[in-house]
Amino acid sequence: MSKINEIFKNTSWLLISQVITSIFGFVWIVLLARYLGVSDFGIMNFAISFTGIMSIFIDLGINTYVTRDLSRSPELSQKYIGNAIPLKIFLSILSFIATLVILLIMDYNLLTIEVVLLFAIQTIFLNMGWLFNGVFQAFSKMKYQAIGIIINSSLILSGTLLLTYFNLGLIAVALSYMVGSIITLIYLYNNIKNRIVVPKIQIDLDFWKKIYKTGYSLWNNWNIYYHILYD
């Protein structure tokens, strides 16, 4: 019965967070669409779409792999988290540089480049947060994942209200997204450290290869399965 209660609590937390995020997201998108106008709102959506592609190359199934293995062997959390963090930082740096190079080659205007790069930084922090969320899932502590989701959406909504009231512009929109992801990541890290394990950075190149290859395999298999079902 305790296992059923645990599953119910975790599911309830995630459901509540998704409902709140959906409501908040609807409000801030409507506000931003009216405030930014067609041109700037188009730039924002381009930045979100562009960095969404970037996030694929930062992850490539690493989060899924860590979640799967820690749910089986929680005693290895120090090793997995300690190696996954610097691996993601390395992939994030490569992805950020690639994003900048592509933007310069395609000769976008300065405002578009600035907005995309700010959203790219936000994506890096978000992706690291997804790693920590995977750890919470492995340890059946989705309450902290749900609270992190609520914190992020609350901060974006608050930032949207402030920037529209004070007429701060498109850059401020990108900054509000970025600040929300940073504060959320700090919250998630503190709860990983206090409730599961204190992450200690490790650079085991052989283990990095294992994480990357297995993670990519899981990611690729999921994509094949998805297309079989829905294409």
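This is a predicted model: local features need pLDDT of at least 70, side-chain atom pairs count only at pLDDT 80 or more; totals for chains, interfaces and linings use all residues.
**Tyrosine 144**
- With a relative accessible area of 14%, tyrosine 144 is buried, because buried means under 20%.
- Leaving out residues up to four places away in sequence, tyrosine 144 touches Phe136, Tyr187, Leu188, Asn191 and Arg195.
- From C-alpha to C-alpha, tyrosine 144 and leucine 205 are 31 Å apart in space, and they are 61 residues apart in sequence.

**Nonpolar cores**
- The largest nonpolar core contains 25 residues, and those with the most contacts inside it are Val66, Leu70, Ile81, Leu131 and Phe132.
- Two or more residues of this core come from each of α2 (62-72), α3 (77-105), α4 (110-138), α6 (170-195) and α7 (205-230).
- What does phenylalanine 132 contact, leaving aside its neighbours within four places in sequence? Its partners are Ile81, Ile85, Leu185, Leu188, Tyr189 and Ile192.

**Where α1 meets α4**
- Helix α1 (residues 2-59) and α4 have axes that come within 8 Å and cross at roughly 40°.
- That angle makes α1 oblique to α4.
- The crossing of α1 past α4 is right-handed.
- On the α1 side, the residues making the contact include Ile43, Phe46, Ala47, Phe50, Met54 and Ile58.
- On the α4 side, they include Leu111, Val115, Val116, Phe119, Ile124 and Trp130.
- By type, the residues of this contact divide into 15 nonpolar, five polar and two charged.

**Two loop residues with positive phi**
- Aspartate 107, in the loop between α3 and α4, has a positive phi near 60°.
- Is aspartate 107 buried or exposed? Aspartate 107 counts as exposed because its relative accessibility is 65%, and the cut-off is over 50%.
- Asparagine 167 lies in the loop between α5 (142-165) and α6, and its phi is positive too, at about 55°.
- Asparagine 167 is likewise exposed, with a relative accessible area of 58%.

Note on methods: Residues are numbered from 1 along each chain as its sequence is written. Side-chain values use heavy atoms; hydrogens and water are left out. A nonpolar core is a set of buried Ala, Val, Leu, Ile, Met, Phe, Trp, Tyr and Cys residues joined through side-chain atoms within 4.5 Å. Buried means under 20% relative accessible area, exposed over 50%, partly exposed in between (1.4 Å probe, protein chains only). Helices (H or I, at least four residues) and strands (E, at least two) are DSSP runs, numbered from the N terminus. Contact means heavy atoms within 4.5 Å. Axes are lines fitted to C-alpha atoms, for helices over the stretch in contact, and angles run from 0 to 180 degrees between N-to-C directions. Angles under 35 degrees count as roughly parallel, over 145 as roughly antiparallel, 65 to 115 as roughly perpendicular and the rest as oblique. A crossing is left-handed if the near helix is turned anticlockwise from the far one by less than a right angle, and right-handed if clockwise. Ala, Val, Leu, Ile, Met, Phe, Trp, Tyr, Cys and Pro count as nonpolar, Asp, Glu, Lys and Arg as charged, and the others, Gly among them, as polar.
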